[in-house]
Amino acid sequence: MAEELEAVIGLEIHVQLATETKMFCGCPLSFGDDPNIHTCPICLAHPGVLPVPNRKAIEYALLIGAALDCEIAPSSIFHRKNYFYPDNPKAYQITQFEIPICGSGRLGDVRINRAHLEEDAAKMVHVGESGRIQGSDSSMVDFNRGGTPLVEIVTEPDLKSGAQVREWGQLLRATVKELGVSDVNMEEGSLRCDANVSVRPVGTSELGTKTEMKNMNSFRFIERGIEAEIARQKELIGSGGRVVQETLHFDPSTGELHSLRSKEESHDYRYMPEPDLVAIVPTEAMLKAAQDALPELPAARAARYRDELGVQDSAALLLSFETEWAEFFEGVIGHDPGIEPRVAANWVTGEFAAELRKQGDQPLAESKVSPDQLGSLVLMVAGKRISHSSGKSVLEAMVADGADPVTVVEEQGLEQISDSGELETIVEAAIENNPKPAEQVRSGNEKAIGALVGAVMKETKGRADGGEVTRLLRRHLGL
C-alpha cells in the first residue's frame with residue numbers, strides 16, 4: 001500500500017513599501033515611468049557612494065511588525081547578500097540576515113518567522129513574444145525599481161494546501177493594505193509570493209526536500225501552481241523517484257512547471273555585515289507610534305461583524321477584506337438603528353454587488369448609490385413596504401442613475417399590497433387559471449406551487465409578499 005503523503009508549505013512574501021523615495025537614496029519611486037530616469041550614483045552602485053536608510057521605510061516595517069504581532073529587535077543590522085545578476089549592479093543586495101527588525105509573530109493560524117527590510121533589484125525586460133527570458137531576442141534592464149524598499153515576510157511551514165495559501169495570502173494582503181504601507185498591487189509587483197513546497201509521510205515531523213516557486217503574482221495562480229507541484233512531488237515519490245531542490249516557474253496558461261535553477265542555500269550568498277550602515281535601534285516613541293497607528297485589522301473586523309453584529313461568516317469576510325466595502329456597509333447600517341446588520345450585509349455583498357457587476361462592472365468608488373440610499377431600500381424591504389422582488393427592481397434604477405429609492409417606489413407604484421382581500425382575490429384567480437399546477441400541488445407535488453406564486457407575482461407586478469402569497473395559496477389549495 002502506497003505511503004500517504006502530506007504537503008508542507010512555507011511562504012516568503014515581498015511587500016513593496018509605499019515610500020516616496022528608495023531605501024537608501026533620494027530617488028523617487030514611481031510605477032510606469034520611462035526606463036532609467038529615477039537613478040543616481042547610490043542606486044547604480046557607483047564606487048565610493050554611501051547608503052542612507054529611509055526612515056519612513058523603517059517606520060512602515062515597525063507597523064507591519066506590530067500588525068503581525070512580531071517581536072521587535074532592540075537593535076537590528078543590515079547585511080550584504082552577495083550574488084551576481086544583470087539587474088543588480090552592486091553584485092550584492094542590502095538586506096537583513098542574522099537579526100531582522102521583526103521576528104516571531106503570527107497572523108491567524110500561521111506563524112511568522114521574521115519580517116525584514118531589504119532593497120529590491122532592478123527590473124529585467126525581455127524582448128520577445130513570451131515576455132520571458134526563454135526564447136527572448138534580447139534583454140534590457142530598467143533601474144528605476146532598483147533600491148525600492150521591501151519588507152520580506154517569511155512564514156513557518158504551517159500551510160498544507162494551495163487553497164489554504166490562497167485564503168491566508170488574501171488575509172495578509174488585506175492586513176497590509178489596511179495599514180496603508182503598500183498598495184499591495186500584485187499585477188504591478190508590489191506584493192510577490194514565493195512558496196517553498198515539500199511533502200512528507202503523514203504523521204512524521206521531518207521536512208522533505210523542498211522546491212521553491214518564484215514570484216507568483218496572483219493568489220489564484222499561486223493556488224494552482226502549488227497544487228500542481230504537490231501532485232508532481234507525490235507522483236515522483238510514489239514512483240520511486242526523489243525530489244530535487246530547485247527553483248520552479250509555474251506557467252498558468254499551460255498549467256506546467258519549469259525548472260529555473262538549482263536552489264541556493266544561505267551559505268551560497270556569503271552574507272557579511274554591511275559596513276556602511278549602522279544598526280537600527282527603534283526608540284520607545286517609534287514603537288509606541290507603531291502600536292498607536294494600528295487600525296482595526298481585517299481579521300478583527302470580521303470577528304466583530306460575526307460575533308457582535310450577527311453577520312454570516314462569508315459576508316463578514318467579504319466585507320472585512322476591503323476597507324471601502326466595510327465602510328459602505330457600516331454606512332448602510334448607520335442609516336437607521338432599525339436596520340438588521342445581517343440583512344444589510346446580505347444586500348451589500350449580494351444584490352448590490354451583483355447589480356454593480358451587471359451594470360458594467362462598476363467599482364464601488366464610482367457607484368452612484370450612497371450608503372444612506374441603500375439603507376433606505378433595505379429598510380423598506382424589511383418593513384414589507386415593498387417586496388424583495390420590487391426591491392431588486394428599485395436597486396437596478398439606483399445603480400443606473402443614482403435614483404432615490406423612495407421616489408422610485410412612489411413613481412412606479414411598487415408599494416406592497418396591504419389589502420388582504422385584494423390579494424385573496426388574485427390568489428383565487430391564479431388557482432382557477434392554472435388548474436394543472438394546482439392539481440399537482442393537491443396531489444403532493446409541492447414544487448408545483450412555484451408556478452402559482454409566479455402567476456400571482458406577475459399579476460401584482462411583484463408587489464405581493466412572497467411569504468404571504470404562499471401561505472394563502474396553501475390555504476386555498478387545502479394544504
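A helix here is a DSSP run of H or I with at least four residues, and helices are numbered from the N terminus. I note at the outset that this is a predicted model.

**Entry: V406 and helix α11**

I began with V406, which lies in helix α11, residues 405-412. Is V406 buried, exposed or partly exposed? I found a relative accessible area of 24% for V406, so I put it down as partly exposed. The cut-off matters here, because buried means under 20% and exposed means over 50%.

Next I listed the contacts of V406, leaving aside its neighbours within four places in sequence. They are S376, M380 and R385. For S376 I also looked up the C-alpha separation from V406, which is 7.7 Å, although the two residues are 30 residues apart along the chain.

**Entry: M398 in helix α10**

I then moved to M398, whose place is in helix α10, a helix that spans residues 388-401. The relative accessibility of M398 is 0%, so I count it as buried. Which residues does M398 touch, apart from its neighbours within four places in sequence? I wrote down K368, V369, Q373, L374, L377, A403 and P405.

I also checked M398 against E432. They stand 34 residues apart in sequence, and their C-alpha atoms are 37 Å apart in space.

**Entry: α10 against α11**

M398 came up again when I looked at how α10 meets α11. In α10, V394, A397 and M398 are in contact with P405, V408 and V409 of α11. I sorted the residues of this contact and got 6 nonpolar, no polar and no charged. The two axes come within 10 Å and cross at roughly 125°. I recorded the crossing of α10 past α11 as right-handed.

**Entry: α8 against α10**

I stayed with α10 and turned to α8, residues 341-358. At what angle do α8 and α10 pack? The angle is about 45°, and the axes are 10 Å apart. I therefore wrote α8 down as oblique to α10. The crossing of α8 past α10 is right-handed.

On the α8 side of the contact I listed W347, E351, F352, E355, L356 and K358. On the α10 side are H388, G391, K392, L395, E396 and V399. The residues of this contact divide into 5 nonpolar, 2 polar and 5 charged.

**Entry: α6 against α8**

Helix α8 also has a crossing with α6, residues 313-320. Their axes come within 10 Å and cross at roughly 65°. I therefore call α6 and α8 roughly perpendicular to each other. Their crossing is left-handed. From α6 the contact takes A315, L318 and L319, and from α8 it takes A345, N346, V348 and T349.

**Entry: a sheet of 3 strands**

I left the helices and looked up an open sheet. In what order do its 3 strands run? The order is β4-β3-β14, with antiparallel pairing. The edge strands are β4 (92-95) and β14 (272-273), each of which pairs on one side only.

I counted 4 bridges in the antiparallel pairing of β3 with β4. Across that pairing, N82 stands opposite Y92 in β4. Between β3 (residues 79-82) and β14 there are 2 bridges, and the bridge partner of H79 in β14 is P273.

For β4 I checked which way the residues face. Y92 and I94 point one way, while Q93 and T95 point the other way. I found all of these residues of β4 to be buried.

**Entry: two positive phi values**

Most residues other than glycine have a negative phi. I noted two residues with a positive value. N36 has a phi near 60° and sits in the loop between β1 (5-16) and α1 (55-67). With a relative accessible area of 34%, N36 is partly exposed. K384 also has a phi near 60°, and I found K384 in the loop between α9 (371-382) and α10.

Notes:
Residues are numbered from 1 along each chain as its sequence is written. This is a predicted model: local features need pLDDT of at least 70, side-chain atom pairs count only at pLDDT 80 or more; totals for chains, interfaces and linings use all residues. Side-chain values use heavy atoms; hydrogens and water are left out. Axes are lines fitted to C-alpha atoms, for helices over the stretch in contact, and angles run from 0 to 180 degrees between N-to-C directions. Angles under 35 degrees count as roughly parallel, over 145 as roughly antiparallel, 65 to 115 as roughly perpendicular and the rest as oblique. A crossing is left-handed if the near helix is turned anticlockwise from the far one by less than a right angle, and right-handed if clockwise. Contact means heavy atoms within 4.5 Å. Ala, Val, Leu, Ile, Met, Phe, Trp, Tyr, Cys and Pro count as nonpolar, Asp, Glu, Lys and Arg as charged, and the others, Gly among them, as polar. Two strands pair if DSSP finds at least two bridges between them. Buried means under 20% relative accessible area, exposed over 50%, partly exposed in between (1.4 Å probe, protein chains only).
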